Amino acid sequence: VTPSAWPCPLPAGRVFLHAAEYDRFVPPRRIYDLAERWEAKLTRYRVGHMQITSFPQWLRRIADSVRES
């Protein structure tokens, strides 16, 4: 699955992407490139994949950032 090959599913600025700087499963560079291609809002976190996807305090931050937009 290569999301960067797909057109943006929503109008520019309506897609929110979150990147974990130390992610070994999804290289952050790919997320940065996708955000640029889709004109998406990008938030970077100085954590790894497991912290951003599994720890409640990080999930709350992500949810809060989407609610604020």
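A salt bridge is a side-chain nitrogen of Lys or Arg within 4 Å of a carboxyl oxygen of Asp or Glu. Under that definition, the structure I am presenting today holds 1 salt bridge.

Before I describe it, a word on the source. This is a predicted model, in which local features need pLDDT of at least 70 and side-chain atom pairs count only at pLDDT 80 or more, whereas totals for chains, interfaces and linings use all residues. Residues are numbered from 1 along each chain as its sequence is written, and side-chain values use heavy atoms, with hydrogens and water left out.

Let me return to the salt bridge. Its partners are R29 and D33, and their closest N and O atoms are 3.0 Å apart. Both residues belong to helix α1, where 4 residues, about one turn of the helix, separate them. Helices and strands here are DSSP runs numbered from the N terminus, with helices being H or I of at least four residues and strands being E of at least two. R29 counts as partly exposed because its relative accessibility is 48%, and D33 is partly exposed as well, at 40%. For these classes, buried means under 20% relative accessible area, exposed means over 50%, and partly exposed lies in between, with a 1.4 Å probe and protein chains only.

I turn now to the loop between β1 and α1. F25 is placed in this loop, with β1 covering 16–20 and α1 covering 28–38. F25 counts as exposed, because its relative accessibility is 62%. Together with V26 and M50, F25 makes a nonpolar surface patch of about 310 Å². Patches are made of residues with over 30% relative accessible area and no salt bridge; like charges are joined within 9 Å, and nonpolar side chains (Val, Leu, Ile, Met, Phe, Trp, Tyr) within 5 Å. The accessible areas come from the Shrake-Rupley method with a 1.4 Å probe, and for residues only the protein chains shown count as cover.

D23 is also placed in the loop between β1 and α1. Is D23 buried or exposed? D23 is buried, because its relative accessible area is 10%. The C-alpha atoms of D23 and M50 are separated by 8.0 Å, although the two residues are 27 apart along the chain.

Next, the largest pocket, which has a volume of about 250 Å³. Its lining includes F25 and V26, along with V1, T2, P3 and others. Which elements give two or more residues to this lining? They are β1 and α1, and the largest share, 3 residues, comes from α1. By class, the lining has 8 nonpolar, 3 polar and 1 charged residues.

I close with the later part of the chain. E39 lies in the loop between α1 and β2, the latter covering 41–45. Phi of E39 is near 55°, a positive value in a residue other than glycine. E39 counts as exposed because its relative accessibility is 54%.

Y45 lies in strand β2 and is buried, with a relative accessible area of 6%. Y45 and F16 are 29 residues apart in sequence, and their C-alpha atoms are 13 Å apart in space. G48 has its place in the loop between β2 and α2 (49–54), and at 10% relative accessibility G48 counts as buried.

Definitions and conventions: On a 1 Å grid over the protein atoms alone, a cavity is a set of points where a 1.4 Å probe fits but cannot get out, and a pocket is an open set with protein on both sides within 12 Å along at least five of seven lines; lining residues have an atom within 4 Å of a point. Grid points are joined across faces, edges and corners, and a volume is the space filled by probe spheres set on the points. Ala, Val, Leu, Ile, Met, Phe, Trp, Tyr, Cys and Pro count as nonpolar, Asp, Glu, Lys and Arg as charged, and the others, Gly among them, as polar.
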